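Let's take a walk through a protein chain together. Keep the picture in view while you read, and look up each spot as we reach it.

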Amino acid sequence: INAEYGEKFFGRLADENFCVTNAMSHDLVKNWGITAYALHDRPCKTTKLSTSQKHDLLLRLGKQYPIFKEDESTTILTTTNADGKPIKRTKRSALIVSSTSWTPDEDFSVLLDALRAYNSEWSEDFPDLVVAITGN
């Protein structure tokens, strides 16, 4: 029994089905006759980090990915004041984080086109962008 056949067969037997995109939901109805609700991934409201937490995270990430820090006390977003307390940098990069499972229904051309447009219109008034894409 192959995976596609198993998904079609058992998907039709389920009381409820869900998927992570509207495109997948429409595809399941159109091609398999399966109704599925799209449950979109969204960060919870408690994910806002303090400046100190951002600073610590970026310093740790900077050990493996040097793009995230400039030196031992300065990251792309933060630095430390005279007392050693983390503060936001006045001239800082913008950090864009996106996750993906690298499946065909995830169209990253939208992001890439936006980055190209940003780059072509970039001026000294715009922040530099750091894009971190996570996933398998």
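How many helices and strands are there in the protein chain? There are four helices and eight strands. If you read along the sequence, they come in the pattern α-β-α-β-α-β-β-β-β-β-α-β. Before going further, keep in mind that this is a predicted model.

How confident is the predictor, then? The pLDDT of the protein chain averages 88, and 96% of the residues score at least 70. Among the elements, helix H1 (residues 3-13) has the lowest mean pLDDT, at 82, while strand E6 (residues 86-88) has the highest, at 97.

Now for the overall shape. The C-alpha atoms of the protein chain fill a box of roughly 65 × 35 × 25 Å along the principal axes. A compact globule of 136 residues would have a radius of gyration near 14 Å, but this chain comes out at 21 Å. Of its 136 residues, 21% count as buried. And if you take the contacts with a separation of 6 or more, 35% of them are between residues 24 or more positions apart.

Let's zoom in on helix H2, which covers residues 22-32. Which of its residues are buried? They are Ser25, Leu28 and Trp32. Look down the axis of H2 and you'll find that these buried residues fall within an arc of 85°, so they line one face of the helix. There's a handy bit of background here: an α-helix has 3.6 residues a turn, so residues three or four places apart point the same way. What does the buried face of H2 pack against? Its buried residues pack against H1 and strand E1 (18-19). On the other side of H2, His26 and Lys30 are exposed. Just after H2 comes glycine 33, which takes a positive phi of about 70°.

Tyrosine 5 and phenylalanine 9 both lie in H1, four residues apart, which is about one turn of the helix. At 48% relative accessibility, tyrosine 5 counts as partly exposed. Phenylalanine 9 is partly exposed too, with a relative accessible area of 39%. Phenylalanine 9 also forms an aromatic pair with phenylalanine 10, and that one is edge-to-face: 5.0 Å centre to centre, with 85° between the planes. Is phenylalanine 10 buried or exposed? With a relative accessible area of 53%, it is exposed, because the cut-off for that word is over 50%. Put together, Tyr5, Phe9 and Phe10 form one aromatic cluster.

How many aromatic pairs are there in total? The count comes to four. One of them joins tyrosine 5 and phenylalanine 9, whose ring centres are 6.2 Å apart and whose planes meet at 15°, so the pair is stacked.

Moving along, find glycine 62 in helix H3 (residues 51-64). Glycine 62 has a relative accessible area of 4%, so it counts as buried, the cut-off being under 20%. Leaving out residues up to four places away in sequence, glycine 62 touches Phe68 and Lys69. Its C-alpha atom is separated by 7.9 Å from that of threonine 75, which is 13 residues apart from it along the chain.

Our last stop is threonine 79, in strand E5 (residues 78-80). What does threonine 79 touch, not counting residues up to four places away in sequence? The list is His55, Ser73, Thr74, Lys85, Pro86, Ile87 and Arg89. With threonine 74 there is also a polar contact, made side chain to side chain at 3.1 Å. Finally, look from threonine 79 to arginine 92: they are 13 residues apart along the chain, and their C-alpha atoms are separated by 9.8 Å.

Conventions
Residues are numbered from 1 along each chain as its sequence is written. This is a predicted model: local features need pLDDT of at least 70, side-chain atom pairs count only at pLDDT 80 or more; totals for chains, interfaces and linings use all residues. Side-chain values use heavy atoms; hydrogens and water are left out. pLDDT is the predictor's confidence in each residue, from 0 to 100. Helices (H or I, at least four residues) and strands (E, at least two) are DSSP runs, numbered from the N terminus. Buried means under 20% relative accessible area, exposed over 50%, partly exposed in between (1.4 Å probe, protein chains only). The arc is that of the directions from the helix axis to the C-beta atoms. Contact means heavy atoms within 4.5 Å. Rings of Phe, Tyr and Trp (its six-membered ring) pair if their centres lie within 6.5 Å; planes under 30 degrees apart count as stacked, over 60 as edge-to-face and the rest as tilted. A polar contact is a pair of N or O atoms within 3.5 Å; within protein, one must be able to donate a hydrogen and the other to accept it, and residues adjacent in sequence count only if both atoms are side-chain atoms. The radius of gyration is taken over C-alpha atoms; the globule rule is 2.2 Å times the number of residues to the power 0.38.
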